[in-house]
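Here are my notes from a friendly walk through this one.

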Amino acid sequence: MRSDTPELFKKIFALSAVAILIVGFFLAFIEMPKGWSVNVNGRVSRLYILKNVRTATKLLDSGSFFAKGMKPLRTDVAYTPIEFKKTANLEDGAANVVTSIVVDYRGFDTLGEVTVLFLAVSGVMMLLFGKPRKEKKKKTEPSLIMYVGTRIAFSIIFLFGIYIFVHGHLTPGGGFPGGTVIASGILGLFLGKRGYNPNHAGLKSFEALSGIAFVIIGLIGLFSVNSFLANFLPTGIVGNLYSAGFVALIYIAIGMKVGAELAAMVDTMITDTEEEWS
Amino acid sequence: MLDAVLGWLGVVLVSVGVFFLFLGALGIFRLPDLFNRLQAGTKATTLGVVSTSIGVGLLAKGWLPFAAALAIFLLMTNPISSHAVARASYRAGVKPYPGTDPDECAKRHLTIYEESEEK
């Protein structure tokens, strides 16, 4: 479809947009603060700046930790190092700082990410569902090795996926990778037996319930701490399994939702390309 | 004494594993067709990775359970996935290297296929 806007206006608009971007970039570059300072007394920054806590403490005490021109923002608070399995009552309490940011400080953003995945999956299912392909592939029954092997591997993969999202606040990983691992195990089940038919109603209700659980946890935070998705549980000792408040709960909800969603998508994609069998 | 023996055993296992991983990589480059490459990429790397992980478990105390779990999982899944890939590509019509003689699978595959057609 041709638009009625003349080409000249388009060119002028594009050129001015590019010019504004370039000028803004240079302005931001010039206006950046000179020198650099790090808030070493903030609880979160201490956790991920000082990897070796004891050495850093010694350096801080001797006054040689900071580079030239670098100074702590706060000197009124006494410095105490953080140690795993000992320090309690931190701001967030998650040993994995990335998780504490993704789920706690930016929990609303993660709710949006879950919605993005949901929208993508529902788009794929809307395109594929109920439309059999014109050329159906002739499929033969998978061998016995695949049937038995995928069934044994599925249990281990399922357990590993659950481990990933339950330990999201301690180790790398979290709800999205854990759910994807579970969905890959279910894909193995599809490859192991032709016409494998999971419980569709179960998958859908599981996904919906875990999505609702995410929002309900957020609403509990809204009513108890006066902020949506606020951490309303005690944070415990950093590094323990029962720590970081509601981060583990949120990640369990996300993992179940992502796993059920991707499994449903795999189901739609595979059953459509497969020949109807009686 | 025991620690030193276990440590040297670990070094030997890691060396064997690295050698077999190298053979697997070499086979993927040098062998003529998909099935031979799958064979190199699966058999050699299964032994290589299992041996390397067990050797690392012997060298570093405390990592042996994790290394054993990894080795068991690899021993279980690696041959299965390779079998699935080889079977699927054979059924999809990938021609074996002409030097593969005799093609034992062709006759058996043909009879099975005819039986399933008759049903």
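**Helix packing**

I began with a helix pair: H6(A) and H7(A) are roughly antiparallel to each other. I put this down to the angle, because anything over 145 degrees counts as roughly antiparallel, and these two helices pack at about 170 degrees. Their axes lie 8 Å apart. For the record, H6 covers residues 144-166 of chain A and H7 covers residues 175-192 of chain A. I then sorted their contact by residue class and got 15 nonpolar, 9 polar and 1 charged residues.

**Confidence**

This is a predicted model, so I looked up the pLDDT next. Chain A averages 78, with 74% of its residues scoring at least 70. I flagged residues 39-48 of chain A, where the pLDDT is below 50. Beyond near neighbours in sequence, that stretch still has 30 contacts in the model. For chain B I noted a mean of 83, with 84% of residues at 70 or more.

**Where the chains meet**

I turned to the contact between the chains and found 12 residues from chain A and 10 residues from chain B. Together the two chains bury about 840 Å², and 75% of that is on carbon and sulfur atoms. On the chain B side, I listed B:Met76, B:Ile80 and B:His83 as losing the most area to chain A, together 46% of what that side buries.

**Salt bridges**

How many salt bridges link chain B and chain A? I counted 0 between them. Over all chains the structure holds 4. I looked up one within chain A, where A:Glu7 pairs with A:Lys10 and the closest N and O atoms are 3.7 Å apart. Both residues sit in helix H1 (residues 7-30) of chain A, 3 residues apart, about one turn of the helix.

Notes. Residues numbered from 1 in each chain as written. Chains lettered and ligands numbered in written order. Predicted model: local features only at pLDDT ≥ 70, side-chain atom pairs only at ≥ 80, totals over all residues. Heavy atoms only, no water. Axes fitted to C-alpha atoms, helices over the stretch in contact; angles between N-to-C directions. Helix = DSSP H or I, 4+ residues; strand = E, 2+ residues; numbered from the N terminus. Parallel < 35°, antiparallel > 145°, perpendicular 65-115°, else oblique. Nonpolar A, V, L, I, M, F, W, Y, C, P; charged D, E, K, R; others polar. pLDDT = per-residue confidence, 0-100. Contact = heavy atoms within 4.5 Å. Buried area = accessible area lost by both parts, 1.4 Å probe. Salt bridge = Lys/Arg side-chain N within 4 Å of Asp/Glu carboxyl O.
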